[in-house]
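Please look over the sequence and the model below before reading on.

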Amino acid sequence: MSVKAMMATILQNQLTLHGVHSLTPSDCEQIVERLIEQLRELELSLAARELAEKQEP
């Protein structure tokens, strides 16, 4: 089982515990995929900011 699939299962389980029953496993996988993309973008943005700050005199 891939990390994304495990994360989607965890997400689905947590949503179910909170009373959300309308999302399918596929919905959860899409949400996890988008979250991973957003984290990558954030990581790149923070790295670029850090690099720019180091280059300032």
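What follows describes the helices one by one, then their packing, and then the charged pairs.

This is a predicted model, in which local features need pLDDT of at least 70 and side-chain atom pairs count only at pLDDT 80 or more, while totals for chains, interfaces and linings use all residues. Residues are numbered from 1 along each chain as its sequence is written, and side-chain values use heavy atoms, with hydrogens and water left out.

Helices here are DSSP runs of H or I with at least four residues, numbered from the N terminus. Helix α1 covers residues 3–17 and helix α2 covers residues 25–55. The expected span of a helix is 1.5 Å times one less than its number of residues. For the 15 residues of α1 this should give 21 Å, and the end C-alpha atoms are 21 Å apart, which agrees. Helix α2, with 31 residues, reaches 45 Å from its first C-alpha to its last, close to the 45 Å expected. Just after α1, Gly19 takes a positive phi of about 90°.

How do the two helices pack? The angle between α1 and α2 is about 115°, and their axes are 8 Å apart. Axes are lines fitted to C-alpha atoms, for helices over the stretch in contact, and angles run from 0 to 180 degrees between N-to-C directions. The crossing of α1 past α2 is right-handed, a term used when the near helix is turned clockwise from the far one by less than a right angle.

Contact means heavy atoms within 4.5 Å. On the α1 side, the residues that meet α2 are Lys4, Met7, Ala8, Leu11, Gln12 and Leu15. Their counterparts in α2 are Pro25, Cys28, Glu29, Ile31, Val32, Glu33 and Ile36. By class, this contact has 9 nonpolar, 1 polar and 3 charged residues. In that scheme Ala, Val, Leu, Ile, Met, Phe, Trp, Tyr, Cys and Pro count as nonpolar, Asp, Glu, Lys and Arg as charged, and the others, Gly among them, as polar.

Which residues of α2 are buried? Buried means under 20% relative accessible area, exposed over 50%, and partly exposed in between, with a 1.4 Å probe and protein chains only. The buried residues of α2 are Cys28, Val32 and Ile36, and they pack against α1. As a general point, an α-helix has 3.6 residues a turn, so residues three or four places apart point the same way. Elsewhere in α2, Leu39 is exposed, with a relative accessible area of 56%. In α1, Met6 is partly exposed at 39% relative accessibility. Met6 and Glu29 are 23 residues apart in sequence and 9.3 Å apart in space, C-alpha to C-alpha.

The charged pairs come next. A salt bridge is a side-chain nitrogen of Lys or Arg within 4 Å of a carboxyl oxygen of Asp or Glu, and by this rule the count comes to 4 salt bridges. One of them joins Glu33 to Lys4, with the closest N and O atoms 2.8 Å apart. Glu33 lies in α2 and Lys4 in α1, so the pair ties together parts that are 29 residues apart in sequence. Glu33 is partly exposed at 25% relative accessibility, and Lys4 is partly exposed at 34%.

Arg34 counts as partly exposed at 38% relative accessibility, as does Glu37 at 31%. The side chains of Glu50 and Lys54 meet in a salt bridge of 3.5 Å, N to O, and these residues are 4 residues apart in α2, about one turn of the helix. Glu50 is partly exposed at 45% relative accessibility, whereas Lys54 is exposed at 64%. Salt bridges that share partners join Arg34, Glu37 and Glu41 into one network.
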